Amino acid sequence: MGKQEEVKLLGIWASPFSRRIEMALKLKGVPYDYLEEDLENKSSLLLALNPIHKKIPVLVHNGKTIIESHVILEYIDETWKHNPILPQDPFHRSTARIFAKLVDEQIVNLGFISLAKTEKGRDVLIEKTRELIKCLEKELAGNDYFGGKTVGYLDLVAGSMIPFCLERAWEGMGVEVITEKMFPRYKKWVKKLEEVEIVRDCIPPREKHIEHMNIMGEKLKSV
Ligand SMILES: N[C@@H](CCC(=O)N[C@@H](CS)C(=O)NCC(=O)O)C(=O)O
């Protein structure tokens with residue numbers, strides 16, 4: 001990294017979208033300044049940098065602004081080429097992108113709607129979520145990580161979102177969605193992820209996070 005490089009990340013502690021960016025920057029060894037946002041009272045900096053969505057994460061690199069976590073991950077990978085995050089092979093790269101979309105669009109939506117539902121409505125959503133996680137799990141066949149022997153793009157996307165966010169929310173509600181019996185490969189993958197220091201460093205503190213997700217679930221119920 002050149003001396004004058006400026007790397008700033010706007011995020012919030014509980015967000016899988018910004019935590020995955022921190023993981024990527026740490027995997028690349030890129031120093032960055034982290035600015036914690038308050039989404040109840042968004043900073044003028046956030047509104048100026050991301051007038052389109054007004055959401056975190058936002059990455060600022062030498063005055064250039066990049067938004068949307070998938071796009072930011074790709075930007076990081078293309079800018080600092082060592083320790084690649086995306087697969088090198090075009091087919092594997094497209095597969096990783098397809099599953100990242102599955103996680104951030106479908107699995108997240110079902111997961112969050114399930115927080116707002118009563119038990120009966122919840123069961124149907126949870127069953128649908130399991131079916132999708134089964135599809136994702138197949139991608140782990142024969143590998144420690146989605147990235148193969150090392151943590152890659154889909155590990156960052158799915159890891160920040162499912163075990164270290166959604167599962168905590170479900171745990172807070174007293175529901176076990178992903179069991180060892182149903183998802184042995186997934187469970188093995190989570191254990192491997194937890195062995196990675198960078199991942200451990202970037203996941204939100206467990207108890208505080210479960211509490212946060214509980215509050216979020218209550219808010220969703222009252223909408
Ligand atoms: N598609 C976006 C999603 C980011 C997102 O949903 N961020 C949430 C926090 S977890 C946010 O900033 N919400 C503020 C709002 O909706 O006003 C990404 O991948 O970066």
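Reader: OK, so helices are DSSP runs of H or I with at least four residues, strands are E runs with at least two, and they're numbered from the N terminus. With that settled, where is Asn83 found?

Author: In the loop between α3 (69–79) and α4 (90–116). Keep in mind that this is a predicted model.

Reader: Got it. What's the phi of Asn83?

Author: Asn83 has a positive phi, about 45°, even though it isn't a glycine. Most residues other than glycine have a negative phi.

Reader: And why does Asn83 count as partly exposed?

Author: Because its relative accessibility is 46%, and partly exposed runs between the 20% limit for buried and the 50% limit for exposed.

Reader: What about Asn62, where's its place?

Author: Asn62 is in the loop between β3 and β4 (64–67). Asn62 also has a positive phi of about 45° without being a glycine, and its 39% relative accessibility makes it partly exposed.

Reader: Switching topic: which residues does the cis peptide bond join?

Author: Ile56 and Pro57, with omega about 5°. Pro57 is in the loop between α2 (44–49) and β3 (58–61). Most peptide bonds are trans.

Reader: Now helices. How many residues does α7 have?

Author: Helix α7 covers residues 184–195, so to speak 12 residues, and reaches 17 Å from its first C-alpha to its last, close to the expected 16 Å.

Reader: Which residues of α7 are buried?

Author: Tyr186, Lys187, Trp189, Val190 and Leu193. Looking down the axis of α7, these buried residues fall within an arc of 160°, so they line one face of the helix.

Reader: And what do the buried residues of α7 pack against?

Author: They pack against α5 (119–138), α6 (153–173) and α8 (197–202). On the other side of α7, Lys188 and Glu195 are exposed.

Reader: Last topic, pockets. What's the volume of the largest pocket?

Author: About 1,100 Å³. The largest pocket is lined by 33 residues, and the ones nearest its centre are Ile12, Ser15, Phe17, Leu39 and Met216. Elements giving two or more residues to that lining are α1 (16–28), α3, α4, α6 and α9 (206–221).

Reader: Which element gives the most to the lining of the largest pocket?

Author: That's α4, with 6 residues.

Reader: How do the lining residues of the largest pocket divide into nonpolar, polar and charged?

Author: The lining of the largest pocket has 15 nonpolar residues, 6 polar and 12 charged.

Key: Residues numbered from 1 in each chain as written. Predicted model: local features only at pLDDT ≥ 70, side-chain atom pairs only at ≥ 80, totals over all residues. Heavy atoms only, no water. Expected span 1.5 Å × (residues − 1). Buried < 20%, exposed > 50% of the residue type's maximum accessible area, 1.4 Å probe, protein only. Arc of directions from axis to C-beta. Contact = heavy atoms within 4.5 Å. 1 Å grid on protein atoms, 1.4 Å probe; cavity = no way out; pocket = protein on both sides within 12 Å on 5 of 7 lines; lining within 4 Å. Points joined across faces, edges and corners; volume = space filled by probe spheres on them. Nonpolar A, V, L, I, M, F, W, Y, C, P; charged D, E, K, R; others polar.
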